[in-house]
Amino acid sequence: MLVKKLEELLDKKVTKKTDAAVVVPVFDEKCPKLVMIKRSKGLNRSAGHIAFPGGMIEDGENEVEAALREFEEELGINPDCVNVLGFLRPREVHEYRIMICPVVGMIRTLDFEPDGREVSRVLVDELRKVLKSRRVTDWGPNFECAGHLVWGASSRVLDDLYLRIVRKYGSVDAFFDAV
C-alpha cells in the first residue's frame, strides 16, 4: 500500500538536467523507515553533512543508474534490492552548483555495509517522524533524522516529499493513516 501511495505522489521522469543523483531510500515495514547517511569528514564535498546516498552521474549513465551505483558503493546494497518508485524535483547543492536528482526507492534490507571512506554513520528513522519534524527557518526548511539536523539540499528534497504529501492528504498523519 505504501508503494502505491508514494508512486502516486512522484514524478515518472526527471524534470530537468542534473549532474548527480541520490537515492531516497524507504524501507517498508509497519512503521516505514527513511535511510540517510552522515558523510565522512575527509570528503572534498559536503564533509560531515547528513545526506542521501549518491554522487555524480558518470558518462553513459542515467540518473537511476548513477543513484543505484552510488548506493551500492556507499552502503553495499545491491541495486536488485531497490525498487525505484519515481522522482522528486531536482535540487541544487548551492555551494557547489550541482543539480541532484532524487530517486525514491523502496529497499528490501537494512543490512548495510557502509564504505568508511565516504560514510561515517548510517541513520535510520521512522519516515513519519522525520517528515513531522519539519521546521522552517530563515535559511529554509529543515528536518531531523535519528537526532541529526538535515539542512541544505537534503532538506529541500525532504520538503518536496513533505509538501506533496500535505497537498494530497492534508497532513503527514493522514497520509500514513491511509497506508
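With which residue does the side chain of Arg97 meet in a salt bridge? The partner is Glu92, with an N to O distance of 3.6 Å; a salt bridge is taken as a side-chain nitrogen of Lys or Arg within 4 Å of a carboxyl oxygen of Asp or Glu. The structure is a predicted model, in which local features need pLDDT of at least 70 and side-chain atom pairs count only at pLDDT 80 or more, whereas totals for chains, interfaces and linings use all residues. Residues are numbered from 1 along each chain as its sequence is written, and side-chain values use heavy atoms, with hydrogens and water left out.

Arg97 counts as exposed, because its relative accessibility is 63%; the classes are buried (under 20% relative accessible area), exposed (over 50%) and partly exposed in between, with a 1.4 Å probe and protein chains only. By the rule for salt bridges, the count comes to 15. One of them joins the side chains of Asp11 and Arg164, at 3.2 Å from N to O. This pair links distant parts of the chain, 153 residues apart: Asp11 is in the loop between helix H1 (2–9) and strand S1 (20–27), and Arg164 is in helix H4. Helices (H or I, at least four residues) and strands (E, at least two) are DSSP runs, numbered from the N terminus. Asp11 is partly exposed at 21% relative accessibility, whereas Arg164 is buried at 13%.

A further salt bridge is formed by Arg69 and Glu73, whose closest N and O atoms are 3.3 Å apart. Both residues lie in helix H2 (residues 63–75), with a separation of 4 residues, or about one turn of the helix. Arg69 is classed as buried, since its relative accessibility is 15%, while Glu73 is partly exposed, with a relative accessible area of 38%. Arg69 and Glu73 also belong to a network of salt bridges that links them with Glu58, Glu61 and Glu70.

An open sheet of 3 strands has the order S9-S10-S11, and its pairing is antiparallel. Strand S9 (135–137) and strand S11 (148–150) are the edge strands, each pairing on one side only. From one strand to the next, the twist averages 35°. Helix H4 (residues 152–169) packs on the sheet and touches S10 and S11, its direction making about 90° with that of S10. Contact means heavy atoms within 4.5 Å; axes are lines fitted to C-alpha atoms, for helices over the stretch in contact, and angles run from 0 to 180 degrees between N-to-C directions. S9 and strand S10 (residues 140–145) pair over 3 bridges, where pairing requires at least two bridges found by DSSP. Arg135 stands opposite Asn142 in S10.

Trp151 is found in the loop between S11 and H4 and is partly exposed, with a relative accessible area of 38%. Together with Trp139 and Leu149, Trp151 makes a nonpolar surface patch of about 370 Å².

Pro114 is found in the loop between strand S7 (98–107) and strand S8 (119–126). Its relative accessible area is 41%, so Pro114 is partly exposed. Apart from neighbours within four places in sequence, Pro114 is in contact with Glu74, Leu75, Val119 and Val122. The C-alpha atoms of Pro114 and Gly152 are separated by 23 Å, the two residues being 38 residues apart along the chain.

Notes: Patches are made of residues with over 30% relative accessible area and no salt bridge: like charges are joined within 9 Å, nonpolar side chains (Val, Leu, Ile, Met, Phe, Trp, Tyr) within 5 Å. Accessible areas come from the Shrake-Rupley method with a 1.4 Å probe; for residues, only the protein chains shown count as cover.
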